Amino acid sequence: MSYERAFIFMTAIIAGILLTALIGGCAVSPLANQSIERARETYRVAAADPQVHTRAAVELAAAERMLAQAERLWREGVDPEIVAHHAYLAEQRARIALKTAEYRAAEARVATSGEARNRILLEARERELENARAVAREAETARLDAEARAQAMGEKTGGAELGAELRRLQAELADIKSRQTERGWVLTLRNELLFDSGGATLKPGAQRALDKVAQFLERTPERDIAIEGFTDSTGSNAANRRLSERRAEAVKQALIERGVERERIDARGYGPSFPVASNETPTGRQLNRRVEIIINPS
Amino acid sequence: MPAPTEQLAAARAVLTQAQPTAANDAPLELFGAQEKLRRAEQAMLSGDYLHARIFAEQAEVDAKYASSVAENARAQRAVAQIDKSIEVLRNEVERRER
């Protein structure tokens, strides 16, 4: 037996002795009206508790009945011992109602603990979602900022309209790529589209693309144009440089034939210089073989 | 006055029912009820039916009260345990969020 248990047991024995002394003989309670008072007071406490009404209504009703009976017996002048006995029963019923309401409230909390648990998890999920939304909002803000910067840059180097025109052109010609740089808008045409391998004569298939480019350049008459030819690093530097010059010149001539003013166009060949991709792979070399048309900022 | 046989039987039944839980969680209340039942049985033996009945009825209501005290102790322990586990869960969730 633990110390605590022993203590409780001893207290119980002492209480038992006191109780025995109290209820010994024939008097259960000293005075009937005192017992009635105590019963009324305990009942009043129980009846004032809303939890008792909702959770221990039956027990409270029993207490009320017992109290009424005790009061009736008291009024009828029945033996004080009998009155005190019934008052005691009423008082105990009221105490039972209070305890019952208390433990049922506790049981209800235990029964709904799953809900409390779910609420915590739900709240955590909502916070998680809100965080994700905040991240998405930040990303959207960053995207809008980037767009605004691109637009500002477009306005500096050639205006938003030019950018829109180039995007249209690019949409029409899958082989032309446009991008915006510090030098202005750059149109990149792959050599495969324009020339046969090793040659500087424009292929028939190049005509449509150059028509489109010329049409576009005619709409921006105030801008100078630089045409730059590039090769991959296969073969000698000097031969590549000459080939790229001839190709840039061929594009220049084709644009002049299409009505673009000669004075606006500057054509150069750079051979394998300024690669845009690695020359170690076929795809990289293909990207490096190109003609770039640079539309200078006005 | 007739012998309160029913009242004594009822008191014994309720006491037997209260015993398992109240022995641990309401020993004081249970002891009081047992004491009154003993008194009731004594009174019955001596032919004092009035006091046999009074003590039997009080023993019964005291045993019921002892039961409710024990039920409450048990329920409060369960609530404390639930509160603790919810606290653990809350801490766990907060720790994950940091």
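**Exercise 1.** Work out how helix α2 of chain B and helix α3 of chain B pack.

*Solution.* Helix α2 (residues 27-45) of chain B and helix α3 (residues 49-97) of chain B pack at about 160°, with axes 8 Å apart. Helices are DSSP runs (H or I, at least four residues), numbered from the N terminus. Axes are lines fitted to C-alpha atoms over the stretch in contact, and angles run from 0 to 180 degrees between N-to-C directions. Angles over 145 degrees count as roughly antiparallel. Therefore α2(B) is roughly antiparallel to α3(B).

The model is predicted: local features need pLDDT of at least 70, side-chain atom pairs pLDDT 80 or more, while totals for chains, interfaces and linings use all residues. Residues are numbered from 1 along each chain, chains are lettered from A and ligands numbered from 1 as written, and side-chain values use heavy atoms, without hydrogens and water.

**Exercise 2.** Describe what joins chain B and chain A.

*Solution.* Start with the contact (heavy atoms within 4.5 Å). It takes 35 residues from chain B and 37 residues from chain A. Next, take the buried area, the accessible area (1.4 Å probe) lost on putting both parts together, summed over both. It is about 3400 Å², and carbon and sulfur atoms give 67% of it. Last, count salt bridges (Lys or Arg side-chain nitrogen within 4 Å of an Asp or Glu carboxyl oxygen). There are two between the chains. One of them links Glu107(A) with Arg74(B), the closest N and O atoms being 3.2 Å apart.

Terms used
Buried area = accessible area lost by both parts, 1.4 Å probe. Helix = DSSP H or I, 4+ residues; strand = E, 2+ residues; numbered from the N terminus. Parallel < 35°, antiparallel > 145°, perpendicular 65-115°, else oblique.
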